[in-house]
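Here is my note on the model, in numbered points. Please keep the structure open beside it as you read.

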Amino acid sequence: QVQLVESGGGSVETGGSLRLACAASGYTSTSNCIGWFRQAPGKEREGVASIYTTGPTRYADSVQGRFTISQDNAKNTVYLQMNSLKPEDTAMYYCAARRCPIWPGARSLLASTYADWGQGTQVTVSS
């Protein structure tokens with residue numbers, strides 16, 4: 001029932017920007033966590049940014065100051081604005097969602113806590 005669809009990936013040069021979108025459907029809860037995760041070849045899935053229904057956000061240290069997560073609740077869409085992209089940002093980017101009765105803070109970046117995932121969108125940053 002829950003469906004997440006990512007879009008906005010692509011290829012950019014170092015220093016460029018991309019804006020990813022995650023369109024969510026099927027959730028009836030009004031208290032949700034949505035996170036952006038990424039996975040590069042040979043690496044574990046990494047939490048990038050997360051957001052709570054009421055607005056709190058969390059970022060991985062590696063993207064702090066460069067990425068911004070936001071939401072448009074009317075459109076059931078969460079965005080990830082990625083600026084100053086680096087080659088190490090190259091990965092498949094996934095959005096994930098789960099019910100969050102309360103904002104879990106740092107735990108919102110733990111992939112193991114999420115059950116619903118999108119199909120992913122590729123981000124490639126050339127050097």
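1. **R38 and E46.** R38 makes a salt bridge with E46, and their closest N and O atoms are 2.9 Å apart. A salt bridge here is a side-chain nitrogen of Lys or Arg within 4 Å of a carboxyl oxygen of Asp or Glu. Side chains of opposite charge can pair when their charged atoms come close. R38 has 5% relative accessibility, so R38 counts as buried. E46 has 30%, so E46 counts as partly exposed. The cut-offs are these: buried is under 20% relative accessible area, exposed is over 50%, and partly exposed is in between (1.4 Å probe, protein chains only).

2. **How to read the values.** This is a predicted model, in which local features need pLDDT of at least 70 and side-chain atom pairs count only at pLDDT 80 or more, while totals for chains, interfaces and linings use all residues. Residues are numbered from 1 along each chain as its sequence is written, and side-chain values use heavy atoms, with hydrogens and water left out.

3. **R38 and D89.** R38 also forms a salt bridge with D89, and here the closest N and O atoms are 2.8 Å apart. This pair links distant parts of the chain: R38 is in strand β4, D89 is in the loop between β8 (77–82) and β9, and 51 residues separate them. Strand numbers come from DSSP: strands (E, at least two residues) are DSSP runs, numbered from the N terminus. D89 has 0% relative accessibility, so D89 counts as buried.

4. **R66 joins in.** Which residue forms a salt bridge with D89 at 2.7 Å? R66 does, that being the distance between the closest N and O atoms. R66 lies in the loop between β6 (57–59) and β7, and D89 in the loop between β8 and β9, so the pair ties together parts 23 residues apart in sequence. R66 and D89 are both buried. Through shared partners, salt bridges join R38, E46, R66 and D89 into one network. The structure holds 3 salt bridges.

5. **First disulfide.** A search of the whole structure finds 2 disulfides. A disulfide is a pair of cysteine sulfur atoms within 2.5 Å. C22 and C95 form one of them, with sulfur atoms 2.1 Å apart. C22 lies in strand β3 and C95 in strand β9 (residues 91–99), so the pair ties together parts that are 73 residues apart in sequence. Both cysteines, C22 and C95, are buried. The torsion about their S-S bond is about 65°, so the disulfide of C22 and C95 is right-handed.

6. C33 is joined to C100 by a disulfide, S to S 1.9 Å. This pair also links distant parts of the chain: C33 is in strand β4 (residues 32–39), C100 is in the loop between β9 and β10 (116–117), and they are 67 residues apart. The link of C33 and C100 is left-handed, with -120° about the S-S bond. C33 and C100 are both buried. Count the bonded cysteines along the chain, and the disulfides follow the pattern 1-3, 2-4.

7. **The sheet.** What is the order of the strands in the open sheet of 4 strands? The order is β1-β3-β8-β7, with antiparallel pairing. β1 (3–7) and β7 (67–72) stand at the edges with a single partner strand each, so one side of each has no neighbour in the sheet. Two strands pair if DSSP finds at least two bridges between them.

8. **Strand β1 up close.** 5 bridges join β1 to β3 (residues 18–25), and the two run antiparallel. V5 has A23 as its bridge partner in β3, and L4 has A24. L4 and E6 make up the covered face of β1, while Q3, V5 and S7 make up the uncovered one.

9. **Strands around the pocket.** Which strand gives the most to the lining of the largest pocket? β4 does, with 3 residues. A pocket is an open set of points on a 1 Å grid over the protein atoms alone, where a 1.4 Å probe fits, with protein on both sides within 12 Å along at least five of seven lines; lining residues have an atom within 4 Å of a point. The lining has 20 residues, and S29, N32, I34, N73 and N76 lie nearest the centre.
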